[in-house]
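Please report on the side-chain contacts in this structure. Cover aromatic rings, charges and the nonpolar surface.

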Amino acid sequence: NRMILLKEKVKAWLGPIWWYSAVMFCVQRFGDVINLYTGLWLIPKWVSPAELGALLPLTQIGSFLGLPLAILLTPFAKFINTFGAKGENGKVKALVTDAFWLTSVSAVIIGAYTWFSAPLIFARLRIGNASLAWLLCGVAVTSVFMPIMNSALQALKLFRNMGVAGLTSAPVRLVVLLLLLPIAGLLGYFFAQMTMNIVILGVGFWGLRRLVSHSVQRESYYDHLKEMVQYTLPVAFIMSANTVATTVQYFVIRQR
């Protein structure tokens, strides 16, 4: 009880902005320490040097595969914050649910062209495990949806859920890596990445359960479509140029 009272006093003294900033800072540094251990010692120990050089290219190719969906969802993240700041939760609900269905449909399309392009990509990256294609697809789709989730949690000031997601996802990833890296190598690495994303999304959806319930009435945001498009076009151009350039660089370095 004393610790709880002390926490409440400190929280009241700092105010919500500084309190949650400090909480998120600590959570992120906790994740950084775990990632430092996995990146410097755990992964090099269990992934062969020949495959280790494929990690960055494969990760970047995952981002490239999800690029069309990332561009489509760019205005969603921005305007979720905009509507949330105005207290227009009905529009936030509409954006989140539409983003979810758009992601679900896009996952099928991404999976299809990933399946057809994977042999060409893997042959040039010297990767023989075709199962990685599905994991890359899963990582791409879940990674693209995460900014939408974070924007919704921020807009509704659900910082506790964000802290819980950050605090649990890094240890879960570490446990999966410890279990799978010795027996699966690269496959275990990307499975751990996807598991971490799923944990973050699961905690996020739990926090948003009231938003997507029947207690919040959906409101149309279609009057804002013009400004959403105007916002998206320049951002999409920069995003596409950066993603394509980085993917080509990593791909050529690995191939050559």
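How many aromatic pairs does a search of the whole structure find? The search finds twelve. Rings of Phe, Tyr and Trp (its six-membered ring) pair if their centres lie within 6.5 Å; planes under 30 degrees apart count as stacked, over 60 as edge-to-face and the rest as tilted.

This is a predicted model, in which local features need pLDDT of at least 70 and side-chain atom pairs count only at pLDDT 80 or more, while totals for chains, interfaces and linings use all residues. Residues are numbered from 1 along each chain as its sequence is written, and side-chain values use heavy atoms, with hydrogens and water left out.

Phe76 and Tyr221 make an edge-to-face pair, with 6.4 Å centre to centre and 70 degrees between the planes. Phe76 lies in helix H4 (residues 67-85) and Tyr221 in the loop between helix H8 (186-207) and helix H9 (225-255), so this pair ties together parts that are 145 residues apart in sequence. Helices here are DSSP runs (H or I, at least four residues), numbered from the N terminus. Both Phe76 and Tyr221 are buried. Buried means under 20% relative accessible area, exposed means over 50%, and partly exposed is in between (1.4 Å probe, protein chains only).

Tyr189 and Phe190 also form an edge-to-face pair, at 5.0 Å centre to centre and 90 degrees between the planes. Tyr189 is buried, and Phe190 is buried too. One aromatic cluster is formed by Phe100, Trp101, Phe145 and Phe205.

**Charges over rings**

Two arginines come next. The charged end of Arg29 sits over the ring of Phe25, 4.9 Å from its centre. The charged end of Arg209 sits over the ring of Trp206, 4.0 Å from its centre. The criterion is NZ of Lys or CZ of Arg within 6 Å of the ring centre and within 35 degrees of the ring normal.

**Salt bridges**

Side chains of opposite charge can pair when their charged atoms come close. A salt bridge is a side-chain nitrogen of Lys or Arg within 4 Å of a carboxyl oxygen of Asp or Glu. The whole structure holds four salt bridges. Among them are these:

| Salt bridge | N to O distance |
|---|---|
| Glu8 and Lys7 | 3.5 Å |
| Glu88 and Lys91 | 3.8 Å |
| Asp98 and Arg218 | 2.9 Å |

Asp98 lies in helix H5 (residues 89-125) and Arg218 in the loop between H8 and H9, so their pair ties together parts that are 120 residues apart in sequence. Asp98 is buried, at 19% relative accessible area. Arg218 is partly exposed, at 42%.

Glu8 has 38% relative accessibility and counts as partly exposed. Lys7, at 34%, counts as partly exposed. Glu88 is partly exposed at 23%, whereas Lys91 is buried at 13%.

**Nonpolar surface**

Which residues make the nonpolar surface patch of about 530 Å²? They are Leu36, Tyr37, Leu40, Trp41 and Leu178. Patches are made of residues with over 30% relative accessible area and no salt bridge; like charges are joined within 9 Å, and nonpolar side chains (Val, Leu, Ile, Met, Phe, Trp, Tyr) within 5 Å. Accessible areas come from the Shrake-Rupley method with a 1.4 Å probe; for residues, only the protein chains shown count as cover.

Helix H1 (residues 2-46) gives the largest share of the patch, four residues. Leu40 has its place in helix H1. At 49% relative accessibility, Leu40 is partly exposed.

Conventions. Helix = DSSP H or I, 4+ residues; strand = E, 2+ residues; numbered from the N terminus.
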